[in-house]
Amino acid sequence: MKHNPIIIKNLTLSITNKDCFADFSAQINAGEHIAIIGCNGCGKSSLLKIFKNIIGATSGKVIMPNNLRVGYIKQVIDDLDNLSGGQRVNKKLSTELSNYPDLLLLDEPSNHLDTDNRRSLIGMLQRFNGTLIIASHDKELMNKCTNKIWHIDNAKIHQFTGSYDDYLTESQRRYDNLELQLSLLKSEKKKNHQVLMKEQSRAKKRKAYGEKKYHGDKNALRGAQAQGEMTSNKNNKSINRQKQDIMSQMANLYTPKIISPKFSLSSSGKSSGNILSISNAEIGYHGNNTVLQDINLAISARDKVAINGNNGSGKSTLIKAILHNDQVIRTGNWHVPHIDQIGYLDQHYSNIDSHKSVLENLQALRPDWCHNNYRVHLNDFLFCKNEEIANLAANLSGGERARISLCLIAAKTPKLLILDEITNNLDLDTKDHVIQILREYPATMIIISHEEEFIKFIGMNHQYIIENGEIHEQFQ
């Protein structure tokens, strides 16, 4: 699948008065595997569409080799409705690969895939020896399947050769080095100031002597006294120029923000012993449709439990049963918290009132707080500016919706928190924020997720798998 290089010249894309990226030039060689990363809405999908010639760039051009075979799978597959998400991706990918593409374009291919299908996808992409460009938020996929990073950030595309983990390591190393340079400049400026103060002190002491030396010529005296200040000012200007250059370099580096969440756990949420106990149970739906049987599950206070299983295995049905859903038929012994003591979040973040602002959502949940409490709590979740907290929830990005949802959970922490595939469609920054928050969560948590790396980083202490109509604990 060798082909001549793909040439990108001064590519610029603006969408609805927003500059996604500008003046991007690059060369794509045959066989390169490139990951495009960046926040939601930055232009990743649009860049793929430019390569596929679905849309045009604002300016610049992409020069494709003659007779280049291009395969493309968009992010949302809206045909093949009788198949699961994983089956759809595999079907489309198999169809595209059967055409032996020289260039394969994939937009978030691992979204909504269960564990088996994710592994199958990664295996296929590792074996693909053509040119691959993927828009993705999936760290495992990028680390295993790509060897180059294009990061869309601040209306620029930054290029890096290596894996995603290598990119993070190098960015942090460069950022730390720049911080060290800033610290040295600060010390140099402080020493320069101290020298100036000493010189001014000496100048006062020499004033009487200077008047004699210059025989009353005040202009000559002032000139001599100003010489030291001129040298100091010259040094300060040089330091300030270096500082501005370093600050500019730091602004162009990828350095994710850190969230330090604080939780408000009421006395009713502070528990000991088992807070959820299910024994000799079955669940299903009307019409004698049993989904899971022989359920024996005990979860203690402050446990962090991950539940995995293929799509359609019964994970959602189990969660519905725990949430007292009337559609699910339960048998056996069930001891679960009252619905008011359970928090539930999925990828739609339904605990947010879209008609209220960020601040109003928090005020409605905690009317007992003062204004300072609101600002401090919102600041902990990176809602700092007045326009950010006044923004209507309906206008929030996916990442902002995730942060405000967890901000609300932290403001009134439930005894049991259930999270159902909340990382679908999240960009890398937001996913890292979610991990930072959940690592500190002080109560009991159940997570459904297919992302093994996400589960690992949160630090789950129990993992269960649902297969063949039963749930079993997985021991590491």
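Trainee: Is Ala155 buried, exposed or partly exposed?
Mentor: Ala155 is partly exposed, at 27% relative accessible area. Buried means under 20% relative accessible area, exposed over 50%, and partly exposed in between, with a 1.4 Å probe and protein chains only. Bear in mind that this is a predicted model: local features need pLDDT of at least 70, side-chain atom pairs count only at pLDDT 80 or more, and totals for chains, interfaces and linings use all residues. Residues are numbered from 1 along each chain as its sequence is written, and side-chain values use heavy atoms, with hydrogens and water left out.

Trainee: What about the phi of Ala155?
Mentor: Positive, about 60°, although Ala155 is not a glycine. Most residues other than glycine have a negative phi. Ala155 sits in the loop between β8 and β9 (156-161). Helices (H or I, at least four residues) and strands (E, at least two) are DSSP runs, numbered from the N terminus.

Trainee: And Asp294, where is that?
Mentor: In strand β11, residues 289-300. Asp294 also has a positive phi, about 50°, and is partly exposed at 46%.

Trainee: OK, helices. How many residues of α8 are buried?
Mentor: 6 of its 8 residues, so α8 (residues 315-322) is mostly covered. The buried ones are Lys315, Thr317, Leu318, Ile319, Ala321 and Ile322. Just after α8, His324 takes a positive phi of about 65°.

Trainee: Which residues lie nearest its centre?
Mentor: Cys39, Asp153, Lys257, Arg403 and Asp429, out of 35 lining residues. The elements giving two or more residues to that lining are β2 (18-28), β8 (148-153), α12 (398-411) and α13 (428-439).

Trainee: Now the largest nonpolar core, which residues touch the most other members?
Mentor: Leu378, Ile404, Leu419, Leu438, Met445, Ile447 and Ile458, in a core of 41 residues. The largest share, 8 residues, comes from α12. A nonpolar core here is a set of buried Ala, Val, Leu, Ile, Met, Phe, Trp, Tyr and Cys residues joined through side-chain atoms within 4.5 Å.

Trainee: What does Ile458 touch?
Mentor: Lys304, Ile435, Leu438, Arg439, Met445 and Ile447, not counting residues up to four places away in sequence. Contact means heavy atoms within 4.5 Å. There's also a second, separate core of 28 residues, which includes Ile295, Ala301, Ile307 and Ile471.

Trainee: Last topic, rings. How many aromatic pairs are there?
Mentor: The count comes to 5. Rings of Phe, Tyr and Trp (its six-membered ring) pair if their centres lie within 6.5 Å; planes under 30 degrees apart count as stacked, over 60 as edge-to-face and the rest as tilted. Phe160 and Tyr167 have ring centres 5.4 Å apart and planes at 55°, so that pair is tilted. Phe160 is buried at 17%, and Tyr167 is buried at 7%.

Trainee: Why is the pair of Phe263 and Tyr441 edge-to-face?
Mentor: Because their planes are at 90°, with the ring centres 5.4 Å apart. Phe263 lies in the loop between α7 (218-251) and β10 (274-285) and Tyr441 in the loop between α13 and β16, so the pair ties together parts 178 residues apart in sequence. Ring pairs also link Phe24, Phe51 and Trp150 into a cluster.

Technical notes
On a 1 Å grid over the protein atoms alone, a cavity is a set of points where a 1.4 Å probe fits but cannot get out, and a pocket is an open set with protein on both sides within 12 Å along at least five of seven lines; lining residues have an atom within 4 Å of a point.
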